[in-house]
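Me: I am new to this structure and would like to go through it slowly, asking at each step what stands behind the words that are used. Please set each value beside the definition it is judged by.

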2 protein chains.
Amino acid sequence: MIKNIRNYKQTLVYGISLAVLLLLLRWLELRYVILAHSFEIYAGVIAVLFTALGVWVALKLNKPQVLTKVIEKEIYLTAAANFVLNEQQLAKLKLSARELEVLQLMAVGKSNQEIADQLFVSLNTIKTHSSRLFEKMDVKRRTQAIELGKKLSLIP
Amino acid sequence: MIKNIRNYKQTLVYGISLAVLLLLLRWLELRYVILAHSFEIYAGVIAVLFTALGVWVALKLNKPQVLTKVIEKEIYLTAAANFVLNEQQLAKLKLSARELEVLQLMAVGKSNQEIADQLFVSLNTIKTHSSRLFEKMDVKRRTQAIELGKKLSLIP
DNA sequence: CTTAAAATCACCCTAAAGTATGAGGCTTTT
DNA sequence: AAAAGCCTCATACTTTAGGGTGATTTTAAG
């Protein structure tokens, strides 16, 4: 049924309309008493008029249905903010743990010597790691490895 | 008004209801003729009943009004998908157009020689550009320049 | 226990990257 | 017109990166 009558204005309008119609009918009754036994017609007119009134009121009071529409809002983040390692790609390239570690350090701009120092191994070790890394990733330079690594979500 | 009558079923129901009500009123009329001058009451009953009928019919036939409520859903994209150059940072670092160009090519893994070939200048020119670039960005290596450049949205 | 992969390191060599300095030509600004 | 900044190029030099080969030790898997 009709719930939540939003404003009293429409209720008032309805009441006034009803009164006016009743008065109109009353006036018609007094004026055309001649038409005896026109009761059915009279009732029919009332029925039609008030049906229309009911329809109008209902349409006025009918509260619109709320349909929630989800709109995708694009939010731009740096890739690092929510990085998840792509383990499928990692497995596909068969990168070892150490090689990935070296790649990560390369990506943040460290030199081979700095990587060696940080991992407590020799410079030569890092060179062999990087060589294997480039071979497995099929790249020629560390910058390409970094670019590809980011593209494949191997590094942030 | 009422548009788009969706099925004839409801129209039929309305018609039958109207007929039933009229018959009911007719029956009441025959049964309680004793109540003379109850015409106004009679009319009022008709009015109320048909108003209610009108309301019911209107609600049935009225296509539910749709009010779309927009809910924003956050979608996370990689920064590269829609890169916008950070011109404030670019101005702050005072990078020249050529230097930025070199940085961009570095970032995609090109060697100095490849950059030189692509820009139709000599290798020495690229070296000069890169040196100035590193100086302005306060970095030591191209990998650091790339990392910083991405962080500052100078490159995708 | 044996085998394979991974990690480590060394040596040598070449290629690439990066630094320093100087300089000429061009455009814009003062 | 002069100054400043940019682009260009060169030469010389140092440092770093990368390739190739070989070898030892650890570790993981069968």
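Me: In which helix is A:Gln89 found?

Reply: A:Gln89 is found in helix α3 of chain A, which covers residues 87–93; helices here are DSSP runs of H or I with at least four residues, strands are runs of E with at least two, and both are numbered from the N terminus. Before going further, note that this is a predicted model, in which local features need pLDDT of at least 70 and side-chain atom pairs count only at pLDDT 80 or more, whereas totals for chains, interfaces and linings use all residues. Residues are numbered from 1 along each chain as its sequence is written, chains are lettered from A and ligands numbered from 1 in the order in which they are written, and side-chain values use heavy atoms, with hydrogens and water left out.

Me: Why is A:Gln89 called buried?

Reply: Buried means under 20% relative accessible area, exposed means over 50%, and partly exposed is what lies in between, with a 1.4 Å probe and protein chains only. A:Gln89 has a relative accessible area of 18%, and therefore it counts as buried. Leaving aside residues up to four places away in sequence, A:Gln89 touches A:Leu152 and A:Leu154, where contact means heavy atoms within 4.5 Å.

Me: What makes B:Asp138 exposed?

Reply: The relative accessibility of B:Asp138 is 69%, and because exposed requires a value over 50%, the residue falls in that class. B:Asp138 has its place in the loop between α6 and α7 of chain B, and its C-alpha is 9.7 Å from that of B:Leu148, although the two are 10 residues apart in sequence.

Me: Which residues of α4(A) are buried, and what do they pack against?

Reply: The buried residues of α4(A) are A:Glu99, A:Leu100, A:Val102, A:Leu103, A:Leu105, A:Met106 and A:Ala107. They pack against α3, α5 (112–119), α6 and α7 of chain A, together with α7 of chain B. After α4(A) comes A:Gly109, with a positive phi near 90°.

Me: What covers the buried residues of α4(B)?

Reply: The cover includes α7 (142–151) of chain A, together with α3 (87–93), α5 (112–119), α6 and α7 (142–151) of chain B. Among the buried residues of α4(B) are B:Leu100, B:Val102 and B:Met106. Just after α4(B), B:Gly109 takes a positive phi of about 90°.

Me: How many residues surround DNA strand C, and which are the closest?

Reply: DNA strand C is surrounded by 18 residues, the closest being A:Ser96, A:Arg98, A:Val121, A:Ser122 and B:Arg142; a residue is near a strand if one of its heavy atoms lies within 4 Å of it. Of the atoms of DNA strand C that come within 4 Å of the protein, 67% belong to sugar and phosphate. By class, the residues of this surface are 3 nonpolar, 9 polar and 6 charged, where Ala, Val, Leu, Ile, Met, Phe, Trp, Tyr, Cys and Pro count as nonpolar, Asp, Glu, Lys and Arg as charged, and the others, Gly among them, as polar.

Me: What lies 2.3 Å from a phosphate oxygen of DNA strand C?

Reply: A polar side-chain atom of A:Ser96 lies at that distance, and a polar contact is a pair of N or O atoms within 3.5 Å, so this pair qualifies. A backbone N or O atom of B:Asn112 lies 3.0 Å from a phosphate oxygen of DNA strand C. α6(A) gives the most to the surface near DNA strand C, with 4 residues.

Me: Which element gives the largest share of the surface near DNA strand D?

Reply: That share, 4 residues, comes from α6(B). DNA strand D is surrounded by 16 residues, including A:Lys127 and B:Asn124 among the closest.

How values were computed:
A polar contact is a pair of N or O atoms within 3.5 Å; within protein, one must be able to donate a hydrogen and the other to accept it, and residues adjacent in sequence count only if both atoms are side-chain atoms.
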